[in-house]
Amino acid sequence: MKENVLDLLMYLFENYIYDEPEEEPDRESLSQSLEEAGFSSGEIDRAFRWLDGLAEQRKLPELGGHEDNPIRIFTDDESQRLDVHARGFILYLENVGVLDPLRREMVIDRLAALETEDISLEDVKWVVLMVLFNQPGQEANYAWMEDLVFDEEGEYRH
């Protein structure tokens, strides 16, 4: 079930968002196209709710002053859902400047919204990519992340 929602989000991202179509399809025709592609109406509804939450994040105010970055301590629930590799990757992205504290929290929020128990490192990479794509002023970080996601070796730089 989890793979299907994330698969659906990746399908939407690759086919309807990333390519920046000249005309945005309305939700009803998009839903119909997704059903024709084999996704269930429940998965489509969950994916639209996930995207609505992503859109809401654009309205969040920027946090001032990045010089005193707070230390992120994951809750027990987050630690159970995000394995050590996923948590380490998020912190790595923050340490190299790809994610600031606000966008780190956006990523964690969107990962939680996947409504699944197990979140892999690959899931984290895709969610980071989608969050950065949705955030104005994050083009360079998005491009860096895009290279990482589509890098065949899949290793991140230390």
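Reader: Which residues of α3 are buried?

Author: In this predicted model, the buried residues of α3 are Glu-43, Ile-44, Arg-46, Ala-47, Phe-48, Trp-50, Leu-51, Gly-53, Leu-54 and Gln-57. As a general idea, an α-helix has 3.6 residues a turn, so residues three or four places apart point the same way.

Reader: What span should helix α3 have?

Author: Helix α3 covers residues 41–57, which is 17 residues, and at 1.5 Å a residue the span should be 24 Å. The C-alpha atoms at its ends lie 25 Å apart, so the two values agree.

Reader: What sits over the ring of Phe-48?

Author: Phe-48, one of the buried residues of α3, has the charged end of Arg-27 over its ring, 4.5 Å from the ring centre. Arg-72 is placed in this way over the ring of Phe-74, with its charged end 5.1 Å from the centre.

Reader: How many aromatic pairs does the structure hold?

Author: There are six aromatic pairs. In the pair of Tyr-92 and Trp-144, the ring centres are 6.4 Å apart and the planes meet at 40°, so the pair is tilted. This pair links distant parts of the chain: Tyr-92 belongs to helix α5 (residues 84–95) and Trp-144 to helix α8 (residues 139–150), 52 residues apart.

Reader: Is Tyr-92 buried or exposed?

Author: The cut-off for buried is under 20% relative accessible area. Tyr-92 has 11% relative accessibility, so it counts as buried.

Reader: Which residues form one aromatic cluster?

Author: Phe-13, Trp-126, Phe-133 and Tyr-142 form that cluster.

How values were computed. Residues numbered from 1 in each chain as written. Predicted model: local features only at pLDDT ≥ 70, side-chain atom pairs only at ≥ 80, totals over all residues. Heavy atoms only, no water. Helix = DSSP H or I, 4+ residues; strand = E, 2+ residues; numbered from the N terminus. Expected span 1.5 Å × (residues − 1). Buried < 20%, exposed > 50% of the residue type's maximum accessible area, 1.4 Å probe, protein only. Phe/Tyr/Trp six-rings, centres within 6.5 Å; stacked < 30°, edge-to-face > 60°. Lys NZ or Arg CZ within 6 Å of the ring centre and 35° of its normal.
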